[in-house]
Amino acid sequence: MQTITEFETDRLVIRQFSEADAPKVFEMLSDEEIARNAGAPWPYEMKHATGWISMHDDLFKKGETLPYAIEVKDTEELIGCVSLNNMYTPNGPGDLGFWLGRNYWGNGYATEAAKCMIEIGFQTLGLNKVYTFCLSGNVGSEHVLKKCGLIREGVLRQQMPRGGKFIDMIYYGILREEWSQTI
Ligand SMILES: CC(C)(COP(=O)(O)OP(=O)(O)OC[C@H]1O[C@@H](n2cnc3c(N)ncnc32)[C@H](O)[C@@H]1OP(=O)(O)O)[C@@H](O)C(=O)NCCC(=O)NCCS
């Protein structure tokens, strides 16, 4: 699978993480809500950030999981992560992931990065579908997914144990043919 390590949007650079990013990743994922919704370990420790980033070169070689750093062009600040994951079959589906440090929420950055990742998935990687699961009640994430054209396809009822309860997970997806009509 062809992989590219850097892209640009209007306001963002989407690039591979480097070792130097570990302290900022640690800082941003030390927020429990973000770490849990991003599927990161909790409590989040510095060794999780360094260990995760150290796997990236291998992940990019293999091409099944592609985690990208989101950086603001103007300030060169690392603000979060956008990824395509679980791409196990040629042209098969890719699982979209994204998270931002709390200080950067509410600027449209997640939507801009996710739209770019979806375009890479269809145009460069040749995927037929991009999908993701979102916890019920994660309003910000659902907004981002809808603004990126993903459609709510179904619910996995009480799928995720969280805080002594079982939370529904909502499945969102967009097909290549649907995305093609938006460009
Ligand atoms: C999900 C996340 C990336 C969204 O970041 P963001 O900066 O709010 O995203 P954007 O600014 O691109 O867009 C979010 C939209 O949702 C809206 N929104 C965000 N939180 C909201 C809330 N609690 N209630 C209502 N609307 C909300 C914003 O107003 C915006 O809509 P608008 O552009 O029409 O104004 C961020 O909240 C995050 O990192 N959460 C933790 C990790 C996570 O949940 N990842 C997704 C896993 S599926």
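1. By class, the shell around the ligand holds 11 nonpolar residues, 10 polar residues and no charged ones. Here Ala, Val, Leu, Ile, Met, Phe, Trp, Tyr, Cys and Pro count as nonpolar, Asp, Glu, Lys and Arg as charged, and the others, Gly among them, as polar.

2. This is a predicted model, in which local features need pLDDT of at least 70, side-chain atom pairs count only at pLDDT 80 or more, and totals for chains, interfaces and linings use all residues. Residues are numbered from 1 along each chain as its sequence is written.

3. The ligand is surrounded by 21 residues, of which Asn37, Ala110, Thr111, Gly140 and His143 are the closest; a residue counts as near if its C-beta atom, placed from the backbone, lies within 6 Å. Helix 6 gives the largest share of the shell, 5 residues. Helices are DSSP runs of H or I with at least four residues, and strands are runs of E with at least two, numbered from the N terminus.

4. Gln123 belongs to helix 5.

5. Helix 1 (residues 22-29) and helix 3 (residues 46-54) pack with their axes 8 Å apart, at an angle of about 125 degrees. Axes are lines fitted to C-alpha atoms, for helices over the stretch in contact, and angles run from 0 to 180 degrees between N-to-C directions.
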